[in-house]
Amino acid sequence: MDLMTGSELYDYIVRTFKRTDKETEIYEAITDTILDLQVRFGFDAQKVEAYTTAGITALGDYKLDLPDDFGSIVGDVRFADGNASWGLQKRSKLEFNERFPDPDDDDAITGQPTDYCIFGKQILLGPVPDRTDYIYQLDYTTVLADPVTSATSSVPFSDIGRECLRYGVLGRIYDALDEDGLATKNYTLYEKEVQKLKIRDLRNEQEVFTVEAGGGLMPVKLNIPLPSKGLVVDRPGEFVDTRSLTNMEHGCPPKSYSKTGWDDGDWIVPWRTDNAVF
């Protein structure tokens, strides 16, 4: 399914809301809901990889402007000199100032950048780059650069998350109308849909671990940490010999898997796995 336009998403929401006298408020609520999703969660669909060679155009410059849609950094800034590349060390503004005092001074330390800090919608590089042809890579999550309107060509999350957007928008609209019951209902449904989106995202990013089962090692994918139940394991139970499943490092006795109601095919490992080797 393709992303919806602003007007398509508006029509989709109004078919449930049954009112057409709140167009401005609905578009504002769409924008606020998307920003909420983007700020709270770094969904994979909102991540981009950016390279720049034009950020430093003159010797003595050490600041890279962040993109207008910059939300938060993913990983670290990488640096390449044409032969090799490596990650720069992230610093707080205080640490950066201590390590690279007076970078605007004519006698400032120059060289290949080794450190950076994010400050004032810019990336500050240290030491001051001694060349203008260095390449910098930044992976980051995006946020809306402009409000959603009827002219918006592609609304984020409106493909796989359009129901989530609808509940979030209706929650905000009913809240503004002092319809507390309907606002609470839609906010609750919104949070449930948000968790579905987050679980889907984590499944795409999850690492593969191994457990001892049936006398050998078996790969399992650990999805998400649950506050009180352990970890979801994306593995059908019939492939697991629970008699030999143990936490090797911490010496835990064998545990059995128990089916949950979260989703078909998800099973719970009911013990903590902090720094554990399976």
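Lys18 is exposed, with a relative accessible area of 68%; exposed means over 50% relative accessible area, buried under 20% and partly exposed in between, for a 1.4 Å probe and protein chains only. The residue is found in the loop between H1 and helix H2 (23-40). Although Lys18 is not a glycine, its phi is positive, at about 70°.

The model is predicted, so that local features need pLDDT of at least 70 and side-chain atom pairs count only at pLDDT 80 or more, while totals for chains, interfaces and linings use all residues. Residues are numbered from 1 along each chain as its sequence is written, and side-chain values use heavy atoms, with hydrogens and water left out.

**Helices H1 and H4**

Helices (H or I, at least four residues) and strands (E, at least two) are DSSP runs, numbered from the N terminus. Helix H1 covers residues 6-17 and helix H4 residues 162-176; their axes come within 10 Å and cross at roughly 60°. Such axes are lines fitted to C-alpha atoms, for helices over the stretch in contact, and angles run from 0 to 180 degrees between N-to-C directions. H1 and H4 are therefore oblique to each other, the class left once angles under 35 degrees count as roughly parallel, over 145 as roughly antiparallel and 65 to 115 as roughly perpendicular. The crossing of the two helices is right-handed, a term for a near helix turned clockwise from the far one by less than a right angle, anticlockwise being left-handed.

In H1, the residues Leu9, Tyr12, Ile13, Thr16 and Phe17 meet H4, where the partners are Arg162, Glu163, Leu165, Arg166, Val169, Leu170, Ile173 and Tyr174; contact means heavy atoms within 4.5 Å. The residues of this contact divide into 9 nonpolar, 1 polar and 3 charged. Here Ala, Val, Leu, Ile, Met, Phe, Trp, Tyr, Cys and Pro count as nonpolar, Asp, Glu, Lys and Arg as charged, and the others, Gly among them, as polar.

**Aromatic pairs**

The whole structure holds 6 aromatic pairs. Rings of Phe, Tyr and Trp (its six-membered ring) pair if their centres lie within 6.5 Å; planes under 30 degrees apart count as stacked, over 60 as edge-to-face and the rest as tilted. Two of the pairs are set out below.

| Pair | Centre to centre | Between the planes | Arrangement |
|---|---|---|---|
| Phe17 and Tyr174 | 5.6 Å | 70° | edge-to-face |
| Phe96 and Phe100 | 5.2 Å | 50° | tilted |

Phe17 in helix H1 and Tyr174 in helix H4 are 157 residues apart, and their pair links distant parts of the chain. Both Phe17 and Tyr174 are buried. Phe96 counts as buried at 1% relative accessibility, and Phe100 is buried with a relative accessible area of 12%. Elsewhere, ring pairs link Phe79, Trp86, Tyr134 and Tyr136 into a cluster.

**Loops and backbone**

The loop between helix H3 (93-99) and strand E7 (110-111) contains Asp102. Phi of Asp102 is near 50°, a positive value in a residue other than glycine, and Asp102 is exposed, with a relative accessible area of 59%. Asp105 is found in the loop between H3 and E7 and is partly exposed, with a relative accessible area of 41%. The C-alpha atoms of Asp105 and Gly60 are separated by 8.7 Å, although these residues are 45 residues apart along the chain.

The peptide bond from Gly126 to Pro127 is cis, with omega near -5°.
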